[in-house]
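Please look through the structure shown below before reading on, and keep it beside you while you work through the points.

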Amino acid sequence: MRCHQVDYEIIGHDMQMVEVELDPGETVVAEAGAMNYLEDGIEFGTKMGDGSDPDQGFLGKLFSAGKRVISGESLFMTHFTNQGAGKKRVAFAAPFPGSIIPVNMAEIGETLFCQKDSFLCAALGTRIDIAFQRRLGTGFFGGEGFILEKLQGDGMAFIHAGGTVVKKQLRGETLRVDTGCITAFTGNIDYDIQMVKGLKSMFFGGEGLFIATLSGHGTVWLQSLPFSRLADRIIAHAPSAGGKSQGEGSILGGIGRMAGGK
């Protein structure tokens, strides 16, 4: 099954959304809860599976959905179909600040690996699966990179990155990256995890014990602010339960909180 050929528009700058234009009969598949608004004439329904294989039986759909549950994703996906007479639009946005990356799958070899929380939506016909990393080191120490989502198809797919997006084109080089900063990479990129050298770097460098390596020929998309890093910073600065914050600009900081009995 070939993918539906949808049109789109990216709206906004720092906190973007994507507005997908559907011709009559066209469908876009999205993660549950990603939709912002839709025009009259677009019908949506929650289904088990991405719809890439219309002949797939119930057990096949259940197996595919089960793998998504293992990765922490929803058991179901939402299908939005234009049942009207003319062109209609539906918009999607991610739940945290960042940028949306449109990817024409036909131009990158029809395979894309992305962080499991990065996928936003794609044209019907795109196969959305998960990929377990085969290497022992990658599996145990890859952090966010242990389980990746694998997209296959020849249509448009949209992924989300936190903060600023950096696009790197590798031509036989090797790029070393914090595991959480990888948003996506094309299917011909080799992905691995290496241990940081030196005891001081390991325990006092603040970058973790392991770092991802990407090598080969292809495209890599990086994000400047992974959600995990943003969440850690929010938690670190949140007041204790039942307490009051000293204020964002307080020069007392932790001393002020200690004096207040926190």
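Two strands are said to pair if DSSP finds at least two bridges between them. With that in mind, and remembering that this is a predicted model, one can follow how strand 3 (residues 27-30) and strand 10 (residues 119-123) pair in the antiparallel sense over three bridges, with valine 28 standing opposite alanine 123 in strand 10.

**Strand 9 and its two partners**

- Strand 9 (residues 111-115) is mostly covered, since five of its five residues are buried.
- Strand 9 runs antiparallel to strand 12 (residues 147-152), to which five bridges join it, and here phenylalanine 113 stands opposite lysine 150.
- Strand 9 also runs antiparallel to strand 15 (residues 182-186), with three bridges between them, and in this pairing phenylalanine 113 stands opposite phenylalanine 185.

**Aromatic pairs**

- How many aromatic pairs does the structure hold? There are five aromatic pairs in the structure, and two of them are described in the points that follow.
- The rings of tyrosine 8 and phenylalanine 158 have centres 5.1 Å apart and planes at 70°, and because planes over 60 degrees apart count as edge-to-face, this pair is edge-to-face.
- Tyrosine 8 lies in strand 1 (residues 7-11) and phenylalanine 158 in strand 13 (residues 156-162), so their pair ties together parts of the chain that are 150 residues apart in sequence.
- Is each of these two residues buried or exposed? Tyrosine 8 has a relative accessibility of 37% and therefore counts as partly exposed, whereas phenylalanine 158, with a relative accessible area of 0%, is buried.
- Phenylalanine 80 and phenylalanine 92 form another edge-to-face pair, with 5.2 Å from centre to centre and 75° between the planes.
- This second pair links phenylalanine 80 in strand 6 (residues 77-82) with phenylalanine 92 in strand 7 (residues 88-93), two positions that are twelve residues apart.
- Both phenylalanine 80 and phenylalanine 92 are buried, and together with Phe44 they form one aromatic cluster.

**Histidine 4**

- Histidine 4 is found in the segment before strand 1, and its side chain reaches the backbone nitrogen of threonine 27 at 3.0 Å.
- If its neighbours within four places in sequence are left aside, histidine 4 is in contact with Gly25, Glu26, Thr27, Ala123 and Leu124; among them, Ala123 is the residue that valine 28 stands opposite in strand 10.

**Cysteines**

- How many disulfides does the structure hold? The count of disulfides in this structure is zero.
- Cysteine 121 has a relative accessible area of 0% and is therefore buried.
- Cysteine 181, at 12% relative accessibility, also counts as buried, because the cut-off for that label is under 20%.

How values were computed: Residues numbered from 1 in each chain as written. Predicted model: local features only at pLDDT ≥ 70, side-chain atom pairs only at ≥ 80, totals over all residues. Heavy atoms only, no water. Helix = DSSP H or I, 4+ residues; strand = E, 2+ residues; numbered from the N terminus. Phe/Tyr/Trp six-rings, centres within 6.5 Å; stacked < 30°, edge-to-face > 60°. Buried < 20%, exposed > 50% of the residue type's maximum accessible area, 1.4 Å probe, protein only. Polar contact = N/O pair within 3.5 Å; in protein donor to acceptor, adjacent residues only side chain to side chain. Contact = heavy atoms within 4.5 Å. Disulfide = S-S within 2.5 Å.
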